[in-house]
Amino acid sequence: QALLLESCKCSVAPLMVSCGCLPWRLLLSALLLGLWSPPCRAWKPTKSVAGKSVYFIVTDRFARSGKDADNYEFCDLATAPDPRVPNGGAFCNGTLQGIIDKVDYIKGMGFDCIWITPVVKSMDYTGYFAEDFFEVEPHIGDKATLKRLSDTLHENGMCLILDIVANHVRPLTVESDTGAKTYLGVEKLAQFNETSYFHTYGKLPTTSFKDYVLGGVAQASGSQGSDAVLKEQVALGAVTCGPGNPNLTQCDCFPGNSGTPCPGYNPKLQVEGWFGQLGDLNQSVPYVKDQLLKYVRYLVSEFNVDAFRLDTAIYMEKEFLTDLQRAAGVDIFGETTVNNLSYHAGFQKDVLTGLLNFPLFYTLPKSFCQYHLGGHEGDYHLQGAFTPELPDMQDLGEVMQDQQEEGLYENLDLLANFADNHDEFARLTYYCDADSSRIKNMLAWTFLARGTPVIYYGTEQGLMGHQRNVIEKAELKKEGKRDKGQAYVRESLWQTRYATDTWQYKFIRQLNDIRKEYHLDSGPQKIYLSGSNQLIFSRAPTASPDEEVWVFLNNKQNWSIKSPLLYCVVPDHVDYAWIDVISGYTADFTNGCFVAKDAAPKILVKHPLRAIVTPLQRVSNPLGSGIMILGLLALLVTNMVTCCLLRKARRKATPADSSDDSDVPLQQSSWS
């Protein structure tokens, strides 16, 4: 049995391995002869957060507590070049207790889970600069408070997703105001205090670890293929990007892009290179691996964590990621910043159960809005700038369709869909220029496209954080001000007073309610149309795949929001009536098209036709229904008046002394 388990490379936990049912003596003989390799079925956690809606929080920026609870002063501090100076870690004093105090606020939007940034003892507010993996950062709370947060969420029927980092620790150098570097070393790192625990790609045997770090470590960013060659190939027509090329959905050489379009890709440097001066852990060292596996087990057993988000997942070996996933025993969403679908999906093939859906995210700003969120062919000088180029939804629909290719992904319901986050260049509200029509359509996509929807804290309040573009950076430099970088999109929330009457808060609640009512947390998806201005797709519950819910989206601006819109790919409307569950209106179908009264997103749910409903099918709003009802009432009153007049006329025409039965009252009309 030990040989079988080893050959399967599976965990020895009884419910985590299945190696077939052949007689063990026959299997042992085959193994010894090298004639058979047992099948190792994909491991699945006993509980899953697939399809749950998630509210993502930067803990230090969400909610204060205790003596700071009533301090609503805005804060978007950035980590200092030397975090050791007073508050160089840029703590704004948001806490775990603050999150506990605002659980009702989050639950009020209908979310199933919260995802919080790393809680480890860290050099700065983000939690990504770890110094001790098994301690909680004192600025945000302690172990007891983290346990209380987990318990509070579970008591409210919610779940806890915890952000973790296994790729690196804090920076091993810091800088002064003049740019001079100071070597910190590794001795004060609680778990990883030996230089042998870190990657040293390209280090000469005669170079000390300290000199290697101070002299400039190999950078993971240098592993990517040549954007210059890609640009030439595109210009020559030898390579296409976007629709029709699922392995190059954007014209940029990202990790995993190689070959003719992106020569020079170096997967070894991708794994062993560093991010700036962040000490890059070598997971092939047994002690390092054991400590990281122990860490995730500890978080699950001690704090009842329901799932993890794993930072910088593509910069670690898949073999280690597989072991980490099995050690965790719960879902892990890997941060996979790539635009190659087959490479992206490969991280879900018996590696991690979930992935952040970056290939779809990269298409969103140009599908719904007019903003350069990233670069193009390696050119980033327009990043962060608005563009007159009109948005086009074709790429979005194409990538959605390509991701549904049978056998590509293990579980589409564990692809986390999002419109913005704490790392990217701008928040949704900013890059859509606060256009509520476009924002509503994008939020509807985020909640209703197949996968796990993730909403970044502050979206419900319309926060406008954004990093500075080239021109804005030049202005800051001219004024002698420091560029805060990603801190601009990690601003505090407390200044909003957690208002629950914003249209965004209410709309998010409505979308969460729709997902729950129609069981759209999982189940099939069909793409019917992706054009320049429209995206039409359907969803259905796993248990009832024929009960389709149709979603009609567009990228029209606010000024055209009240203009009618035609969608000419429609569901069966002969046998069914369709209701837009956002507005409550009955859908109007004319000449084979759905006539939407405005550009707001439409979510149509079918209802069987009934005899009493049939005359009203072409009434598309409550006002029209009211007019028809008033007309029927008017006809009824007219009939009553006419009947009374006829009765009086009959009595006048009959002599008082007539011998007939005039004293007998007329029979009442059946309608009365």
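This is a predicted model: local features need pLDDT of at least 70, side-chain atom pairs count only at pLDDT 80 or more; totals for chains, interfaces and linings use all residues.
**View 1. Glutamate 272 sits in helix H9, which covers residues 267–272.** Is glutamate 272 buried or exposed? Because its relative accessibility is 19% and buried means under 20%, glutamate 272 counts as buried. Its side chain makes a polar contact with the side chain of lysine 268, at 2.8 Å. Setting aside neighbours within four places in sequence, glutamate 272 is also in contact with His199, Tyr201 and Asp280.

**View 2. The largest nonpolar core has 155 residues.** Here is some background for this view: in soluble globular proteins, nonpolar side chains tend to be buried together. Which residues have the most contacts inside this core? They are Tyr55, Ile114, Ile116, Tyr431 and Trp445. Helix H10, residues 286–303, gives the most to the core, with 8 residues.

**View 3. Isoleucine 116 is one of the residues with the most contacts inside the largest core.** Leave out residues up to four places away in sequence, and isoleucine 116 still touches Ile57, Thr59, Leu96, Ile99, Leu146, Leu149, Leu160, Ile161, Leu162 and Asp163.

**View 4. Three strands form an open sheet in the order E18-E21-E20.** As a reminder, strands of a sheet pair through backbone hydrogen bonds, either parallel or antiparallel. In this sheet the pairing is antiparallel. Strand E18 (565–567) and strand E20 (588–590) are the edge strands, each pairing on one side only. On average, neighbouring strands are turned by 35° against each other, direction ignored. E20 and strand E21, residues 593–596, pair over 3 bridges.

**View 5. Tyrosine 498 has a positive phi, near 55°, though it is a residue other than glycine.** Look for tyrosine 498 in the loop between helix H18 (470–478) and helix H19 (503–517). With 8% relative accessibility, tyrosine 498 counts as buried.

**View 6. Histidine 519 also has a positive phi, of about 55°, and is not a glycine.** Where is histidine 519 placed? It lies in the loop between H19 and strand E15 (525–530). Histidine 519 is exposed, with a relative accessible area of 51%, whereas tyrosine 498 is buried.

Methods. Residues are numbered from 1 along each chain as its sequence is written. Side-chain values use heavy atoms; hydrogens and water are left out. Two strands pair if DSSP finds at least two bridges between them. Helices (H or I, at least four residues) and strands (E, at least two) are DSSP runs, numbered from the N terminus. Axes are lines fitted to C-alpha atoms, for helices over the stretch in contact, and angles run from 0 to 180 degrees between N-to-C directions. A nonpolar core is a set of buried Ala, Val, Leu, Ile, Met, Phe, Trp, Tyr and Cys residues joined through side-chain atoms within 4.5 Å. Buried means under 20% relative accessible area, exposed over 50%, partly exposed in between (1.4 Å probe, protein chains only). Contact means heavy atoms within 4.5 Å. A polar contact is a pair of N or O atoms within 3.5 Å; within protein, one must be able to donate a hydrogen and the other to accept it, and residues adjacent in sequence count only if both atoms are side-chain atoms.
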